[in-house]
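Visitor: I am new to this structure. Could you show me how to read its charged pairs and its helix packing?

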Amino acid sequence: MRMKMVCDDRTLREVANEFLALKKAQKVRERTLSDYKKYIDKFLDQSQNTLDVDVLKIEILEYFADIPKTSPARFNHPYQYLHALFEWCAKQDYLPYNPFQKLQLKKVRDEGNVQPAEIKDIQTLLKSLDKHNYTELRDYNIVLLILDTGIRTSELMSITNEDYDPEAMSIVIRPDVAKTSRCRTLYLSAMTNTSLKKFLKVKPKDWERWLFPTRDGKQLKANVLGRNFRKYCERTGVKFTPYQIRHSFATFYLENGGDLFTLQRQMGHTDLQMTKRYTEISDKLLVECHQNYSPIGLLQDSSRRVKV
């Protein structure tokens, strides 16, 4: 029989700090470690700081009941990190079980309703950018790179000059940069590669090593890029985000003949279901695929099959 550890003299914050120290020792990404701390601290701030599992169950229910129903991510992010904490507590016998499991509290299903940016809107934004202005030239290349590869904005901001190989027309996403901590190589189209090479000739050589630095040569931040996009959208009358361009890559990759398995690798997903959420299959593609691949065609003479 499994023995339960008696730890009346320990607080939830103390074991949470031990858990965070473990994550740091496991070399999780800085962004991930920061998210663990943010959500755990927020829960601790409104808890009684106890390891009494009956109290914890009530506190967990109250915590998640107070989260506004605005988006699945707003619920699922704290769920992910707090669930991991209490699962670890149970394995360490700091708790008799994970309260999430007893409560049968589940993540909110994410239907993936973010719409891809339209190609015509992306073209409008690109044409509006002043290539004689460093910031707008940089952002022009960022748009090309996301549309060409589906790269995450968090990843592109951490790319260095050494990660880009203009001869191989590729960019390596290092494990310490990748969201999944898995290295992958992104291959570029000739248009994107040519544009990047021109951009590198403009970028000052004495700046820091980031491929897409700020106009001060520092590492680009997500809030700065987001603010720039809002400015461009207001100026041109279009409306989309860098994240929606990633969706556009996934959608049009399939429409142009790509398949889900290579798309999964390109986008850096460990789960094919995640890749499917990024794709918006058009009615036109559905009709074409149905006409070409429906098994009913096997019943017909090949000369009579419908071709689209």
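Guide: Keep one thing in mind from the start. This is a predicted model.

Visitor: What can side chains of opposite charge do when their charged atoms come close?

Guide: Side chains of opposite charge can pair when their charged atoms come close. In this structure, a search of the whole model finds 13 salt bridges.

Visitor: Which residue forms a salt bridge with Lys57?

Guide: Asp54 does. The closest N and O atoms are 3.8 Å apart. Look at the helix too. Lys57 and Asp54 are three residues apart in helix H3, residues 53-65, so about one helical turn separates them.

Visitor: Is Lys57 buried, partly exposed or exposed?

Guide: The general idea is a pair of cut-offs: buried means under 20% relative accessible area, and exposed means over 50%. Lys57 has 21% relative accessibility, so Lys57 counts as partly exposed. Asp54 is partly exposed as well, with a relative accessible area of 48%.

Visitor: Where do Lys120 and Asp121 stand, buried or exposed?

Guide: Lys120 counts as exposed, at 54% relative accessibility. Asp121 counts as buried, at 18%. These two form a salt bridge, with the closest N and O atoms 3.5 Å apart.

Visitor: How is the N to O distance for Arg152 and Glu155 given?

Guide: As 2.8 Å, in a salt bridge between their side chains. Arg152 is buried, with a relative accessible area of 10%. Glu155 is buried at 0% relative accessibility.

Visitor: Which residues do salt bridges with shared partners join into one network?

Guide: Arg13, Lys37, Asp41 and Asp45.

Visitor: Now the helices. At what angle do H2 and H3 pack?

Guide: Helix H2 covers residues 30-45. H2 and H3 pack at an angle of about 110 degrees, and their axes are 10 Å apart. Angles of 65 to 115 degrees count as roughly perpendicular, so H2 is roughly perpendicular to H3.

Visitor: Is the crossing of H2 and H3 left-handed or right-handed?

Guide: The crossing is right-handed.

Visitor: Which residues meet there?

Guide: From H2 come Tyr39, Lys42 and Phe43. From H3 come Leu56, Glu59, Ile60 and Tyr63.

Visitor: How many residues of that contact are nonpolar, polar and charged?

Guide: Five are nonpolar, none is polar and two are charged.

Terms used:
Residues are numbered from 1 along each chain as its sequence is written. This is a predicted model: local features need pLDDT of at least 70, side-chain atom pairs count only at pLDDT 80 or more; totals for chains, interfaces and linings use all residues. Side-chain values use heavy atoms; hydrogens and water are left out. A salt bridge is a side-chain nitrogen of Lys or Arg within 4 Å of a carboxyl oxygen of Asp or Glu. Helices (H or I, at least four residues) and strands (E, at least two) are DSSP runs, numbered from the N terminus. Buried means under 20% relative accessible area, exposed over 50%, partly exposed in between (1.4 Å probe, protein chains only). Axes are lines fitted to C-alpha atoms, for helices over the stretch in contact, and angles run from 0 to 180 degrees between N-to-C directions. Angles under 35 degrees count as roughly parallel, over 145 as roughly antiparallel, 65 to 115 as roughly perpendicular and the rest as oblique. A crossing is left-handed if the near helix is turned anticlockwise from the far one by less than a right angle, and right-handed if clockwise. Contact means heavy atoms within 4.5 Å. Ala, Val, Leu, Ile, Met, Phe, Trp, Tyr, Cys and Pro count as nonpolar, Asp, Glu, Lys and Arg as charged, and the others, Gly among them, as polar.
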